[in-house]
Amino acid sequence: MAVTSTVLDGVLCLLLVSAAVVTVATATPNESVGAGRAPATASTLATTTASVNYTLTPSTETTDVNVPAEARDFERTAHGTLAELLARAAVGRTTVGNDRLSYASEGFERAVVGVVRGAVRTNHTQIVVTWRPHPGSSIAGRLVVGDPPPRGRPVHAATLDASSGLPQTRPAAMRAARTGGRADVAAAIAQRVVDGLFPPTRTRLAASDSSASALLVRHRYRRAERILGVTRSTTLVDGGVDTGNGRLTAALAKRVAHDLRSRNASATSVAETVRVGRVRIVVRTWP
């Protein structure tokens with residue numbers, strides 16, 4: 001079942017996600033009591049649905065757009081499998097280097113953690129949810145539910161994937177690798193990350209009035225510009241989003257290219273590992 005949400009959520013990193021795909025790859029050395037819980041817990045995350053009520057929380061950020069700390073249209077409800085909700089929460093925590101793009105999803109994240117804790121046994125379980133466009137990326141989102149296992153305990157693991165809500169990028173990255181080089185792969189990754197976080201049509205519609213939600217969209221866009229080093233602000237009307245997304249893409253592509261150079265891998269090798277459209281969920285359990 002797909003997550004349901006509003007147009008605004010699509011541009012707040014609280015993205016629509018499709019059904020999780022469970023691979024449930026297990027690692028169970030030295031079978032012991034509790035070894036079977038990791039894949040069972042992963043299956044629970046993939047199949048159990050829930051609804052969460054939450055409020056967008058923009059008050060910890062500073063830009064030249066004044067957003068009220070509270071507003072009626074900040075109230076939201078999301079529905080989906082636990083894996084979908086976790087994936088969405090991880091993308092909402094996206095950071096660029098040490099800077100988080102937005103704190104607006106904190107209420108959503110708390111609600112998701114609460115519903116997951118209520119559905120699975122977390123006193124001997126840790127769930128780590130990671131969105132990373134490519135290995136070694138300095139752009140990533142991560143959410144952890146539960147404490148790490150004690151030292152010396154046998155740990156068993158299972159993994160599942162869920163959609164990040166951002167565009168699938170690997171085919172475009174592979175084409176870029178064949179016709180260009182790592183810089184072209186970086187540009188392909190950056191474009192789809194930006195257009196996924198700020199879909200042009202939905203962003204333009206969501207930012208087009210004077211409501212608190214529209215202010216929050218413009219505020220979030222300004223924050224992304226600042227974090228990525230874009231000095232020329234964009235007006236999010238008419239064709240402004242396309243222009244602004246182009247500037248964000250160019251700035252992000254430079255960072256991605258720097259990350260890729262540090263891997264010292266071929267363009268094709270890099271393209272083969274692109275995961276813009278996927279979120280990895282790792283379940284670890286112990287006796």
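Modeller: The account below begins with the chain and its sheet and then turns to the helices.

This is a predicted model, in which local features need pLDDT of at least 70 and side-chain atom pairs count only at pLDDT 80 or more, while totals for chains, interfaces and linings use all residues. Residues are numbered from 1 along each chain as its sequence is written, and side-chain values use heavy atoms, with hydrogens and water left out.

The secondary structure of the protein chain comprises 10 helices and 8 strands; helices (H or I, at least four residues) and strands (E, at least two) are DSSP runs, numbered from the N terminus. Of the 287 residues of the protein chain, 53% are buried, where buried means under 20% relative accessible area, exposed means over 50%, and partly exposed lies in between (1.4 Å probe, protein chains only).

The sheet is an open one of 6 strands, ordered β4-β3-β6-β5-β8-β7, with antiparallel pairing. Two strands count as paired if DSSP finds at least two bridges between them. In general, strands of a sheet pair through backbone hydrogen bonds, either parallel or antiparallel. At the edges stand β4 (99-100) and β7 (156-163), each with a single partner strand, so one side of each has no neighbour in the sheet.

Within this sheet, strand β6 (residues 139-145) is mostly covered, since 5 of its 7 residues are buried. Strand β3 (residues 95-96) pairs with β6 in the antiparallel sense over 2 bridges, and the bridge partner of Val96 in β6 is Ile139. Val96 also has a bridge partner in β4, namely Asp99; β3 and β4 pair in the antiparallel sense over 2 bridges. Strand β5 (residues 125-131) runs antiparallel to β6 and is joined to it by 5 bridges, with Val128 standing opposite Val144 in β6.

Helix α3 (residues 82-92) lies across β4, β5, β6, β7 and β8 (278-285), and runs at about 130° to β6. Here axes are lines fitted to C-alpha atoms, for helices over the stretch in contact, and angles run from 0 to 180 degrees between N-to-C directions. Contact means heavy atoms within 4.5 Å.

Arg170 lies in helix α5 (residues 170-179) and is partly exposed, with a relative accessible area of 36%. Not counting residues up to four places away in sequence, Arg170 touches Ala271, Glu272, Thr273, Val274 and Arg275. The C-alpha atoms of Arg170 and Thr273 are separated by 7.7 Å, although these residues are 103 residues apart along the chain.

The axes of α5 and α6 come within 8 Å and cross at roughly 155°. The two helices α5 and α6 are therefore roughly antiparallel to each other; angles under 35 degrees count as roughly parallel, over 145 as roughly antiparallel, 65 to 115 as roughly perpendicular and the rest as oblique. Ala172, Ala173, Ala176 and Ala177 in α5 meet Asp184, Val185, Ala188 and Arg192 in α6.

Helix α6 (residues 182-197) also meets helix α9 (residues 240-263): their axes come within 7 Å and cross at roughly 130°. That angle makes α6 oblique to α9. Among the residues making this contact are Val185 and Ile189 of α6 and Leu248 and Leu252 of α9.
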